[in-house]
Amino acid sequence: MKTRCLFSLTLLLAGTAAAQGTSPDARLTLWGSVGTEAYIAPGVSLGLSTPLGQIGSFQTTLRGTAGLYILPIADLNGPLPMVNADVLFSGTAGQVNVYGGPSLGTLAGAVWFAGVTGGVRGQFGASNLGWFSEARVRAGFVPGSGTPPLPLVGGGFGLTYRF
């Protein structure tokens with residue numbers, strides 16, 4: 001089971017990604033962040049993104065992330081794993097890159113999230129190192145439970161590295 005999870009995560013991260021380069025979205029990018037999910041659940045995440053191409057004046061990228069989040073529930077021990085995929089449409093606005101798009105993820109395979117992610121990012125001078133800040137608005141649901149989706153917000157900020 002552990003091997004299957006690691007293999008799936010490897011495929012997700014290897015096959016997904018977003019960029020920030022000479023054209024802000026033209027290269028493979030590593031994303032690292034701290035943030036929240038479900039309003040108050042703190043966590044850390046690591047992701048990769050890669051360009052998919054142009055749609056009109058927007059660069060399109062695919063980003064996959066994996067993270068660990070702590071839910072403030074008494075019966076839960078330790079952080080819970082989360083994986084997420086985003087299709088990001090981006091363009092430049094002055095010195096920063098503005099991006100947003102649909103998002104789909106799961107927390108430990110038990111809770112699913114669907115919604116949108118949006119943010120801004122930039123570079124530190126001419127280096128490959130950059131920064132980002134983003135917000136997420138999603139619906140969280142448990143398949144087969146019969147409960148209605150729960151609206152959730154979260155956000156994060158962190159660093160990027162363009163390869």
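Among contacts in the protein chain (heavy atoms within 4.5 Å) that link residues at least 6 apart in sequence, 51% join residues at least 24 apart. The model is a predicted one, in which local features need pLDDT of at least 70 and side-chain atom pairs count only at pLDDT 80 or more, whereas totals for chains, interfaces and linings use all residues. Residues are numbered from 1 along each chain as its sequence is written, and side-chain values use heavy atoms, with hydrogens and water left out. Of the 163 residues of the protein chain, 37% count as buried, a class defined by under 20% relative accessible area, against over 50% for exposed and the range in between for partly exposed (1.4 Å probe, protein chains only).

The protein chain contains one helix and eight strands, taken as DSSP runs numbered from the N terminus (H or I with at least four residues for helices, E with at least two for strands), and along the sequence these elements follow the pattern α-β-β-β-β-β-β-β-β. The eight strands close into a barrel in the order β1-β2-β3-β4-β5-β6-β7-β8, with antiparallel pairing; the twist averages 25° from one strand to the next. Two strands are regarded as paired if DSSP finds at least two bridges between them, and the angles, which run from 0 to 180 degrees, are taken between the N-to-C directions of axes fitted as lines to C-alpha atoms.

Strand β4 (residues 80–93) is paired in the antiparallel sense with β3 (residues 58–69) over 11 bridges and with β5 (residues 96–107) over 10 bridges. Ser 90 of β4 is the bridge partner of Gln 59 and also stands opposite Tyr 99 in β5, while Asn 84 stands opposite Gly 105 in β5. The hairpin formed by β4 and β5 has two residues between the strands, and Gly 94 in the turn adopts a positive phi of about 70°. Asn 97 is placed in strand β5 and counts as buried because its relative accessibility is 3%; its C-alpha atom is separated by 5.5 Å from that of Val 120, 23 residues apart along the chain.

Grid points were joined across faces, edges and corners, and a volume is the space filled by probe spheres set on the points. The search of the whole structure finds one cavity of 30 Å³ or more. The largest cavity has a volume of about 190 Å³, and of its 22 lining residues Ser 45, Thr 65, Tyr 69, Glu 134 and Arg 136 are the closest to its centre. At least two lining residues are supplied by each of β1 (29–37), β3, β4 and β7, with β1 giving the most, seven residues. The lining of the largest cavity divides into seven nonpolar, nine polar and six charged residues, where Ala, Val, Leu, Ile, Met, Phe, Trp, Tyr, Cys and Pro count as nonpolar, Asp, Glu, Lys and Arg as charged, and the others, Gly among them, as polar.

The second largest pocket holds about 260 Å³ of space, and among its 20 lining residues the closest to its centre are Leu 71, Leu 107, Val 111, Phe 113 and Leu 152. Its lining comprises 17 nonpolar, two polar and one charged residues.

Technical notes:
1 Å grid on protein atoms, 1.4 Å probe; cavity = no way out; pocket = protein on both sides within 12 Å on 5 of 7 lines; lining within 4 Å.
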